[in-house]
Amino acid sequence: MKFLKMHGAGNDFIVVNNLDKSMMFSQKQIAQLCDRHKGIGADGLILVEPSNEDAAFMDYYNADGTIAQMCGNGMRCLAKYVTDRQIVKKTQFTIASRAGRIGIELLKRTPAESTIRVDMGNVVFSAQKIPVISKKEEVIGAHFDWDGVTYSYGCASMGNPHMVVLTGDFDQTPIEAIGPYYEKHAMFPENCNISFAEVKDTNHIRMDTWERGDGRTLACGTGTCATVAVLHRLGKVDTAVEAQLSGGILSVELDGSHVWMTGPAQTVYEGSVDVEALQ
């Protein structure tokens with residue numbers, strides 16, 4: 001199987017051309033491909049599939065092989081893939097996903113790196129639609145205690161569920177402990193992505209995300225969008241925010257409930273692998 005290794009702000013993916021729909025993988029095979037010690041290594045697998053009305057369909061899987069609705073950083077990588085290969089020749093187009101149709105704007109392109117603006121759609125705060133189990137219609141400004149520290153949080157959906165934790169000191173926050181605890185907490189029937197953010201000022205934050213099915217990643221596009229939306233709802237940030245993640249910088253713009261994200265997409269290398277030989 002031929003593949004391309006790509007990343008968006010350090011969030012890395014195996015990208016496979018499946019426009020002829022000839023390839024299918026089991027959850028175990030996907031997990032083996034994404035294994036960083038015994039496989040190629042990645043945060044997720046993107047199958048580039050055909051779409052009748054869009055440039056392509058994003059068939060996306062987490063590193064553990066589970067299906068995901070969408071991935072913001074992966075969407076930028078897929079956009080670079082289809083433009084680099086002339087699958088689409090426009091600078092503005094759409095890509096289909098399980099979360100719906102996603103608008104793309106190619107701002108800059110070189111063989112190694114492209115800058116891409118993604119229309120991430122509307123953020124959803126309805127607890128029922130996220131989903132998160134709550135007696136309230138929205139979960140915004142809730143609190144929990146961890147090792148004597150009280151954290152404020154809010155929940156939102158960007159086509160996938162997110163919990164955003166506001167931290168006073170990002171570097172001292174036990175992300176590797178809180179993240180997996182709430183990822184599979186009973187309050188989230190579909191599990192959840194857990195983001196942690198420290199507000200530097202109204203236009204700058206420091207954050208990272210513990211992604212469901214992946215663990216802590218260098219960047220999470222939908223997590224960044226959900227974080228900015230929740231922080232704005234809490235009155236902590238403005239409508240244009242630059243997020244510093246461990247893997248790089250993403251810019252998010254809000255217009256009411258609508259969200260746009262801008263960031264890089266990079267090609268790392270091309271390769272081939274015998275999927276059946278992986279263990």
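## The domain interface

About 1,200 Å² is buried between domain 1 and domain 2, and carbon and sulfur atoms give 42% of that area. Buried area here is the accessible area (1.4 Å probe) that two parts lose on being put together, summed over both. The size of an interface is often given in this way, as accessible area lost when the parts come together.

On the domain 1 side, A9, Q69 and N73 lose the most area to domain 2. Together they make up 33% of what that side buries. Contact, meaning heavy atoms within 4.5 Å, involves 17 residues of domain 1 and 18 residues of domain 2.

## Model and numbering

This is a predicted model, in which local features need pLDDT of at least 70 and side-chain atom pairs count only at pLDDT 80 or more, while totals for chains, interfaces and linings use all residues. Residues are numbered from 1 along each chain as its sequence is written, and side-chain values use heavy atoms, with hydrogens and water left out.

## Domains and overall form

Domain 1 covers 2–119 + 264–277, and domain 2 covers 124–256. These bounds come from an automatic or database domain assignment. The domain centres, taken over C-alpha atoms, are 24 Å apart.

The chain holds four helices and 16 strands. Helices (H or I, at least four residues) and strands (E, at least two) are DSSP runs, numbered from the N terminus. The C-alpha trace spans about 50 × 40 × 30 Å along its principal axes.

## Polar links across the interface

Six residue pairs make polar contact across the interface of domain 1 and domain 2, both residues at pLDDT 80 or more. A polar contact is a pair of N or O atoms within 3.5 Å; within protein, one must be able to donate a hydrogen and the other to accept it, and residues adjacent in sequence count only if both atoms are side-chain atoms.

On the side of domain 1 that touches domain 2, β4 (57–62) and α2 (72–84) are the elements that give two or more residues. The largest share, three residues, comes from α2. By type, this side has six nonpolar, seven polar and four charged residues.

## Salt bridges

The whole structure has 16 salt bridges, each a side-chain nitrogen of Lys or Arg within 4 Å of a carboxyl oxygen of Asp or Glu. R101 and E53 form one at 2.6 Å, N to O. R101 is in strand β6 (residues 100–109), and E53 is in the loop between β3 (44–49) and β4, 48 residues apart.

One salt bridge crosses the interface of domain 1 and domain 2. E253 and R117 also meet in a salt bridge, at 3.2 Å, N to O.

## Backbone notes

A9 has a positive phi of about 55°, although it is not a glycine. A9 is in the loop between β1 (2–8) and β2 (11–17). A cis peptide bond joins I130 and P131, with omega about -10°. P131 is in the loop between β7 (113–122) and β8 (140–146).

Key:
Ala, Val, Leu, Ile, Met, Phe, Trp, Tyr, Cys and Pro count as nonpolar, Asp, Glu, Lys and Arg as charged, and the others, Gly among them, as polar.
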